[in-house]
Amino acid sequence: RSFLSSLSHPRSGSRTRSGPQNRPAGDNPDKPLGRPVDTGKHDAIIEAATRAFFSQGYSQASIEGIAADAGVSKVTIYNHFGGKSDLFKRVVETRCETIRQRLVVDGGDGPIRERLSEFGRAMNEFLARPEMVRFEISLAAEAEREPQLGEAFLDAGPRRLHAALAGMLDRARQRGDLQFDDAQLAAEHLG
């Protein structure tokens, strides 16, 4: 048996699962599988998918088009992200993480008034961008047909950002900078 064939056809009992998720018995399940991710390809896929989803919408964006734009194969996209819905979630997570980092929601310094003003500016700037307006219109229509897509969007982005904002507000309240009863509700009012 050759080395390559032993990788694709493991001997009985030498692996804990079958398929692309193979891992030697006893390995850490949180450790990435297989070859290290090529960050250049990974980033190119995220950038191409962002352009596709935000300009064409979820249903019109294709893995083939994203692969061509990123300069990778469809197989590479499936290996990195699993499928179109997982890639979509990752794009949303990446966009919202960029905003969250810009806002320094998780523990930045500075007066709360300045931080909240920056939050409002950044959210307005982000949401008013033409591609974001098109994306939200497209997403609303697609979520009517596929409610799980809308839920995936909310889970990957707005709900995470809301939780981070609520945490920032709660810490400000604990320092005595703000007065309110419910951090979640206060974040809801701001977000």
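With which residue does D170 form a salt bridge, and how far apart are the closest N and O atoms?

Modeller: First, the ground rules. This is a predicted model, in which local features need pLDDT of at least 70 and side-chain atom pairs count only at pLDDT 80 or more, whereas totals for chains, interfaces and linings use all residues. Residues are numbered from 1 along each chain as its sequence is written, and side-chain values use heavy atoms, with hydrogens and water left out.

The partner of D170 is R173, and the closest N and O atoms of this salt bridge are 2.3 Å apart. Both residues sit in helix α9, three residues apart, so about one helical turn separates them. R173 is partly exposed, at a relative accessible area of 28%. Elsewhere, salt bridges with shared partners join E151, D155 and R159 into one network. The term salt bridge stands for a side-chain nitrogen of Lys or Arg within 4 Å of a carboxyl oxygen of Asp or Glu. Helices (H or I, at least four residues) and strands (E, at least two) are DSSP runs, numbered from the N terminus. Buried means under 20% relative accessible area and exposed over 50%, with partly exposed in between (1.4 Å probe, protein chains only).

R160 forms a salt bridge with E93, with 3.5 Å between the closest N and O atoms. Since R160 lies in α9 (residues 158-175) and E93 in α5 (residues 84-103), this pair ties together parts that are 67 residues apart in sequence. R160 is partly exposed at 48% relative accessibility, and E93 is also partly exposed, at 23%. H162, another residue of α9, is buried, with a relative accessible area of 19%. Leaving out residues up to four places away in sequence, H162 touches Q184, A187 and E188; contact here means heavy atoms within 4.5 Å.

By the salt-bridge rule, the count comes to nine. One of them joins K74 and E64, whose closest N and O atoms are 3.3 Å apart. K74 belongs to α4 (residues 74-81) and E64 to α3 (residues 63-70), so this pair ties together parts that are 10 residues apart in sequence. K74 has a relative accessible area of 37% and is partly exposed; E64, at 46%, counts as partly exposed as well.

The rest of α4 has two sides. Its buried residues are T76, I77 and F81. These cover an arc of only 105° around the axis, which puts them on the same side of α4; the arc is that of the directions from the helix axis to the C-beta atoms. On the face turned away from the buried side are the exposed residues V75 and N79. After α4 comes G82, with a positive phi near 90°.

Apart from its neighbours within four places in sequence, I77 is in contact with I45, I63, I66, A67, V72, G82 and L87. A nonpolar core is a set of buried Ala, Val, Leu, Ile, Met, Phe, Trp, Tyr and Cys residues joined through side-chain atoms within 4.5 Å. In the largest one, which has 28 residues, F53, I66, I77, L87, F88 and F135 touch the most other members. Two or more residues of this core come from each of α2, α3, α4, α5, α7 (130-145) and α8 (147-156), and α2 gives the most, seven residues. A second, separate core of 12 residues includes F119, M168, A183 and A186.

Aromatic rings come last. Rings of Phe, Tyr and Trp (its six-membered ring) pair if their centres lie within 6.5 Å; planes under 30 degrees apart count as stacked, over 60 as edge-to-face and the rest as tilted. The count by this rule is three aromatic pairs. F53 and Y58 have ring centres 5.7 Å apart and planes at 15°, so they are stacked. Y58 and F88 have ring centres 5.2 Å apart and planes at 75°, so this pair is edge-to-face. Y58 lies in the loop between α2 (39-56) and α3, while F88 is in α5, so the pair ties together parts that are 30 residues apart in sequence. Y58 and F88 are both buried, and ring pairs link F53, Y58 and F88 into a cluster. K84 lies over the face of Y58, 4.7 Å from the ring centre; a charge sits over a ring if NZ of Lys or CZ of Arg is within 6 Å of the ring centre and within 35 degrees of the ring normal.
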